[in-house]
Structures are given as C-alpha cells and as structure tokens.
Amino acid sequence: MGHSRRDFIRFIVASSALGAIPKLSESAEPISTIDSEDFSILHRLRDGEGFPAPSRQEQHNLVIVGGGISGLTAAYRTGEGDVLLLEKERQLGGNSRSSVFRDATCSIGAAYVYRDTVEGKMAAELGLDLSTINSWDGTVDNGVHVTDTWGDGLKSLPYRREAIQQFADCREKLAAIEVSPVHDDIPLSNLIEPYGPEVNRWWLAFCRSTWGGAPTEIAASLPIEELKTWTQPDRNDVRTTWSGGVGALAQKLSERVRARRGVRVADGATVLSVSNHPTHVEVLYWRDGLVTRVTAKAAIVATPQLVTSRIVADLPKQQVNAMRQFRYNPYCVVNLVFDRPVKRLGYDTWFPGRAFTDVVAADWMDRDRPSAGRPKHQIMTCYVPLTPEFRSELLTIEGCRGLATRVLDQFQRSLPDYQVDPVEVHLYRRGHAIHTSMPGLRPLQMAARAPFGRVAFANTDISSMSSSTEGAINAANRALAEVDPFI
Ligand SMILES: Cc1cc2nc3c(=O)[nH]c(=O)nc-3n(C[C@H](O)[C@H](O)[C@H](O)COP(=O)(O)OP(=O)(O)OC[C@H]3O[C@@H](n4cnc5c(N)ncnc54)[C@H](O)[C@@H]3O)c2cc1C
C-alpha cells in the first residue's frame, strides 16, 4: 500500500478523553475512529481545580466506585442490598470492553480468560459458553509465520541456527526453574540476557503486551510460570474467549447488575472524593455538571491505585506512598476491519520488533461456524502497548493517526497474505492501562489494599502480580468480605 492509499484512511475523533482533543471529522464518510476513556474530570481534580458544592443528596447502604470487572463483580455478589455503583465512563467494563464495527464484534481491551479458574467459573455461572481457544501462540517474523512458538514450532522459527538454539536453551532453562518468592523480586532480563537479540526481542513484545513493561521491568516469576504452561508434556490450552473478548463477560455482568433489585448504576459519574467517618462514608461524585453527596455505610473503591490514591481522603501516608509506586503505561488497541476473509494465523500471534506486539483474530470462536452464519466482516485486533513517552503523542490527533498508520503499514508488510486493505481502522487508547508487573510489587499491593475504616479496596492492580480478570474478581471478593461487618 503506497502513501496515497494510506492517506485514504481517514479519521473521525469519536470522543475526546485523554486530554482535550476537539471533535474533528475530516470526511463525510468516516471510516476510522479514535476513541478513549475519559480522564477529563480526573485531570481537573489532579490539577486542583475547584468543583461546585454538592446540590443533591443520596443515601445508600454500599457505594462501589468503578464499573470494571472488579466493581461489577462486587455489585453482582452483594445480593439484593441497596447498592450504588458509580462509573465515570458511559459504558461499564473498564479494561474489558467490546465494540461492534459493521457486523463484527471485537475487543478493545482484554482478550481471554482461563477455564478452570475463578473467572471461568463466574463466566459459566453467568451462562457464557466456555469453548477453549485451543491454539498455542504463533510468531511472525522475517515474513514467515510459525505456529506454536515455544512448542513444536520452535525449531522452525525464521532465525539462524544459533538463534533457534538460544530459544531452545531459554525454554529449557526457564521452564526448569522452581518458582519461589525470589522470582517476584528480580527482573526477567536477569535470566534472558544470555540468549541473544532474537529471544530478547520476542520477550520484549510479550512482556510489554501482557505485563505492561520491558523484561527489565517485569518480575521473572510470571514469564517462568507462563513458559512452564506452554511447554509441559501434557499441556492443554485452557484459555477461553467469546466474540468481543472479555468484554462479553463484562457485558453479561453489567446486564445482571442492572437487572438486580436494589442496585443502582450511575454511568458517566466520576467520583471526586471518598471520606471515612466513624458512622458512615461520604462520597462526592460529578455527573452532568452537578455534584452529588452520597452517604453510605461503607464503600468499595475499585479504581486503579493511580486514581484511588487521589480520591480517598486522609489515607495513611504509607498507604498513599505504596499506591503511588504502581506504574501504568499507555496502551492502544487498533482494530482493523476487513470486508473479506484475511488469513487467520492462530488465535494470538506475536510480531516481535513491530509497532504492535500481537494480533488476535477477533472471530476465532466463529471459526467452526458454517459460513452462512458468520459475520461478513473480519477483524484483526492489534495490541499496541506503549512506553510513557508516547502518552503525549496520544493526546494529539496527528499522534494517534501516525500510530494507526504505522500499525497498518507494518501489519501489511509482515506477510504476503496481509497485503489487503481494511475498510475501517479503529484505535482505542488508554493513558494508564494495565499496571506494570514489576519486581517488588507484592509488598506494595499488601500495603495499598489494607482496608481503611469503612472503605475497602478492589481492582486487579492490588490483587495480582499481572493485570487479569482473575485478579479483578479476587479483589472484589476480598473487599466484599471486608465491608461486610458495616453493611
Ligand atoms: C489491552 C488490554 C488487554 C488485556 N488482556 C487481558 C486478557 O486477555 N485476559 C485478562 O484476564 N486480562 C487482560 N487484561 C487485563 C484486564 O482487562 C484487567 O485486569 C481487568 O479488566 C481489570 O478490571 P478492574 O475492574 O480491576 O479494573 P479496571 O478495568 O481498570 O476498572 C476500573 C474502572 O473504574 C473506573 N473509574 C476510574 N476512576 C473513576 C472515578 N473517579 N469514578 C468512577 N469510576 C472510575 C474506570 O473507568 C474503570 O471502568 C487486559 C488489559 C488491557 C488494557
């Protein structure tokens, strides 16, 4: 695709969130969008701007702040109590959301969950079908696609013989490690440095996409465990997904929560403060230009610590310090929509050294459906984790457009099968996505999640080393137990 063809990819900014991006439509027939979560009110709060005095009052038993998987799980599990769930976005789901472009559904965040875990069980309880993905991740490099990178495909990786041997050595050495708490405190780079540039480049892509940082920033325990799963003799790919990825789970949870008697959901409602009192909590939230004061017996704050540390008043200094040490990087998801079948390489395929790290076939679970029932359009979901320097680039239309163009360009150059034009390109950006799974994170999580009076804390970032659906659900269950004596 030449430049003139690429210039044809026109953009309309669908919402202005990370910063103050004006609405812009360059085309009468927009074929592409830039969209994002809305941090505008939180940025005003961070910058110390004043808000009007509360003009409305409400009273509830329990307030839940944040409608991601964690907050939704807490609301779902509270039973019939009088609960208010406050979410700053118009859509619930947080990092687990889906979108529909043309007739096809895709994820704009989390992709899959594991079958026999807390999240798999909850999905089954909610009536979601649990078919497994059954496709070990492949790799595309040097114009070649190899399936099952760390299994049977390893010997066919498109590298020189020494590099392939380094992959084999890395696999053998890492998978043999007995994981201990020490591995939570050392970076992966300590273990993979000897294995040469190809191995390091592969792990760079995987770590940035999965754990929010480079191998120098990621605790070694996570990749070791992952490698064990990929290489054990009786291995099974027990990941499961749905049309729209984990957004389907969030959607189902949202439906149940909204239908529940006694639970009120306010979307587009940004919480400005949560304060503890001996007999109650007080929560102030902003919605449609008005501030409401809510009193409740207890609160669960299910927002990332980046936000929690700013909205919960009078937290002990040590707890705030712990919360502020969490790191989050910007992250985009670029969905390429095609009006004809594009070769699916496997469910999730890694592209080391590219602007995007991996590509998920959004219609993977439809692969065995008769073609008559399948959507006409096919979507390739490109994951684009970024380093912090990119945050400002994401604030401009030009920056986002440049990124989407780079992703599309490199996607099309990666394989002969991919030299096909999408009919739409959609970019979803997050300024502070998954927390970095950094060495030394566990003690910070313990300090950050200590209940504070009538306030308990949820969110995956204080619960599991890696950002995961499982962590979000576990955090919610723990927080519910902590507020139970008060409600
Ligand atoms: C690109 C990407 C891919 C991923 N892939 C996977 C995957 O394949 N499998 C997996 O298990 N996990 C994956 N994850 C991680 C997973 O999405 C998260 O761990 C999970 O969604 C976290 O849920 P949560 O409720 O803890 O937090 P969040 O999703 O962060 O939810 C927090 C919510 O709080 C809201 N909020 C924030 N501040 C306020 C405020 N002041 N007032 C009101 N509301 C507020 C936010 O808008 C948000 O909705 C991925 C994440 C990303 C970004």
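Me: Over which ring does the charged end of Arg 44 sit?

Reply: Over the ring of Trp 286, 5.0 Å from its centre. Keep in mind that this is a predicted model. A second case is Lys 88, which lies over the face of Phe 39 at 4.6 Å from the ring centre.

Me: How do I read a pair of aromatic rings?

Reply: Take two values: the distance of the centres and the angle of the planes. How many such pairs does the whole structure hold? The search finds 23 aromatic pairs. One of them joins Trp 203 and Trp 230, with 5.9 Å centre to centre and 20° between the planes. This pair is stacked, since planes under 30 degrees apart count as stacked.

Me: Which parts does the pair of Trp 203 and Trp 230 tie together?

Reply: Trp 203 belongs to helix α7 (residues 196-211) and Trp 230 to helix α8 (residues 221-231), so the pair links parts 27 residues apart in sequence. Both Trp 203 and Trp 230 are buried.

Me: Why is the pair of Phe 206 and Trp 211 edge-to-face?

Reply: Because the planes stand at 70°, with the ring centres 5.3 Å apart; the cut-off for edge-to-face is over 60. Phe 206 and Trp 211 are both buried. Ring pairs link these two into a cluster, whose members include Trp 150, Tyr 159, Trp 203 and Trp 230.

Me: Now helix α11. Which of its residues are buried?

Reply: In α11 (residues 317-324) they are Gln 319, Val 320, Ala 322 and Met 323. Their arc around the axis is only 160°, so they lie on the same side of α11. The face turned away carries exposed Lys 317 and Gln 318.

Me: What covers the buried residues of α11?

Reply: The cover includes α10 (305-311), α13 (441-448) and β20 (455-457).

Definitions and conventions
Residues are numbered from 1 along each chain as its sequence is written. This is a predicted model: local features need pLDDT of at least 70, side-chain atom pairs count only at pLDDT 80 or more; totals for chains, interfaces and linings use all residues. Side-chain values use heavy atoms; hydrogens and water are left out. Buried means under 20% relative accessible area, exposed over 50%, partly exposed in between (1.4 Å probe, protein chains only). Helices (H or I, at least four residues) and strands (E, at least two) are DSSP runs, numbered from the N terminus. The arc is that of the directions from the helix axis to the C-beta atoms. Contact means heavy atoms within 4.5 Å. Rings of Phe, Tyr and Trp (its six-membered ring) pair if their centres lie within 6.5 Å; planes under 30 degrees apart count as stacked, over 60 as edge-to-face and the rest as tilted. A charge sits over a ring if NZ of Lys or CZ of Arg is within 6 Å of the ring centre and within 35 degrees of the ring normal.
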